[in-house]
Amino acid sequence: MSGNIRLLSDTLARAKSEDRAALVAYLPAGFPTVDGGIEAIKAVFDGGADVVEVGLPHSDPVLDGPVIQTADDIALRGGVRIADVMRTVREAHRATGKPVLVMTYWNPIDRYGIERFTAELAEAGGAGCILPDLPVQESAVWREHAEKHGLATVFVVAPSSRDERLAEITAAGSGFVYAASLMGVTGTRESVGAQAQDLVGRTRATTELPVCVGLGVSNAEQAAEVAAFADGVIVGSAFVKRLLDADDHAAGIAAVRALAGELAEGVRKR
């Protein structure tokens with residue numbers, strides 16, 4: 001069974017052909033429940049997201065701010081397992097036909113088994129993995145299995161990355177490059193900042209891969225700002241916050257669908 005890296009690449013290319021950035025949404029699996037999380041992802045796609053990253057909840061999410069940490073804690077206390085993450089990917093992709101990735105720290109994959117994880121993700125219809133804490137120089141075995149199963153390997157670059165390091169990272173990656181817009185953890189920001197545009201320019205100088213920007217985008221205006229210079233706009237904490245702040249589950253689903261619609265309009269106003 002082959003994964004959906006081609007679907008991911010085609011989706012990003014189609015957005016580019018429409019002279020816009022892609023909207024990439026993030027939601028953790030198992031939040032607020034496994035079924036509720038799947039419903040939320042479908043709603044985000046329905047609202048206008050092009051790609052969804054499914055977070056694999058982790059007890060020590062070093063890249064994630066308090067909003068996503070809260071959601072991860074709820075999912076973990078609810079007993080979420082890797083099997084639930086795979087089910088989330090499978091059902092979201094099957095219902096929408098759109099690319100679904102997993103964003104995860106390395107330790108859960110290492111403990112689960114690389115071959116087992118990549119084979120199951122491909123079987124579920126996954127498009128690949130975003131691996132924020134896997135060093136490129138230690139990634140050869142992962143990349144071998146990911147490539148065998150038709151999965152993208154998305155690495156994260158940061159404003160602190162030197163040009164030679166950017167080249168090393170982008171040469172090893174596939175699907176797209178995740179550009180962290182600023183130093184620090186995930187969360188909504190008042191401003192995305194000029195660091196992101198500089199990072200995208202330096203990253204593009206090293207690769208033909210699309211460069212998608214995450215960390216800090218929370219509204220249509222910021223999405224339009226980032227879409228002016230990036231191939232994709234990644235939004236996570238703002239979606240999670242809508243679910244956390246909702247009075248009930250139905251209101252939360254409606255809220256994330258509406259936010260996806262607002263952000264989808266934003267990326268089209270580049």
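This is a predicted model: local features need pLDDT of at least 70, side-chain atom pairs count only at pLDDT 80 or more; totals for chains, interfaces and linings use all residues.
Biologist: At what angle do helix 3 and helix 11 pack?

Modeller: Two packed helices are described by the angle between their axes and the distance between the axes. Helix 3 covers residues 66–77 and helix 11 covers residues 237–245, and their axes lie 9 Å apart. The angle at which they pack is about 55°.

Biologist: Which word describes how helix 3 and helix 11 lie to each other: parallel, perpendicular or oblique?

Modeller: Angles of 65 to 115 degrees count as roughly perpendicular and those under 35 as roughly parallel. The angle here is about 55°. Helix 3 and helix 11 are therefore oblique.

Biologist: Is the crossing of helix 3 and helix 11 left-handed or right-handed, and which residues of helix 11 make the contact?

Modeller: The crossing of these two helices is left-handed. From helix 3, the contact draws on V67, I68, T70, A71 and I74. From helix 11, it draws on S237, V240, K241 and L244.

Biologist: What is the handedness of the crossing of helix 2 and helix 4?

Modeller: Helix 2, residues 34–47, packs with helix 4 at an angle of about 35°, with the axes 10 Å apart. The crossing of helix 2 and helix 4 is right-handed.

Biologist: How many charged residues are in the contact of helix 2 with helix 4?

Modeller: Helix 2 brings V34, D35, I38, I41, K42 and F45, while helix 4 brings D84, R87, T88, E91, A92, A95 and T96. By class, 6 of the contact residues are nonpolar and 2 are polar. The charged residues number 5.

Biologist: Which helix gives the largest share of the lining of the largest pocket?

Modeller: The largest pocket holds about 320 Å³ of space. It is lined by 13 residues, and L56, P57, L76, I82 and P108 are the closest to its centre. Helix 4 (82–96) and helix 5 (106–112) each supply at least two lining residues. The largest share, 4 residues, comes from helix 5.

Biologist: How many residues of that lining are nonpolar?

Modeller: The lining of the largest pocket includes 3 polar and 2 charged residues. Its nonpolar residues number 8.

Biologist: Which helix gives the largest share of the lining of the second largest pocket?

Modeller: The second largest pocket has a volume of about 240 Å³. Its lining includes S9, L12, A13 and K16, along with R204, E208 and D231. By class, the lining has 4 nonpolar, 3 polar and 4 charged residues. The largest share, 4 residues, comes from helix 1.

Note on methods:
Residues are numbered from 1 along each chain as its sequence is written. Side-chain values use heavy atoms; hydrogens and water are left out. Axes are lines fitted to C-alpha atoms, for helices over the stretch in contact, and angles run from 0 to 180 degrees between N-to-C directions. Angles under 35 degrees count as roughly parallel, over 145 as roughly antiparallel, 65 to 115 as roughly perpendicular and the rest as oblique. A crossing is left-handed if the near helix is turned anticlockwise from the far one by less than a right angle, and right-handed if clockwise. Contact means heavy atoms within 4.5 Å. On a 1 Å grid over the protein atoms alone, a cavity is a set of points where a 1.4 Å probe fits but cannot get out, and a pocket is an open set with protein on both sides within 12 Å along at least five of seven lines; lining residues have an atom within 4 Å of a point. Grid points are joined across faces, edges and corners, and a volume is the space filled by probe spheres set on the points. Ala, Val, Leu, Ile, Met, Phe, Trp, Tyr, Cys and Pro count as nonpolar, Asp, Glu, Lys and Arg as charged, and the others, Gly among them, as polar.
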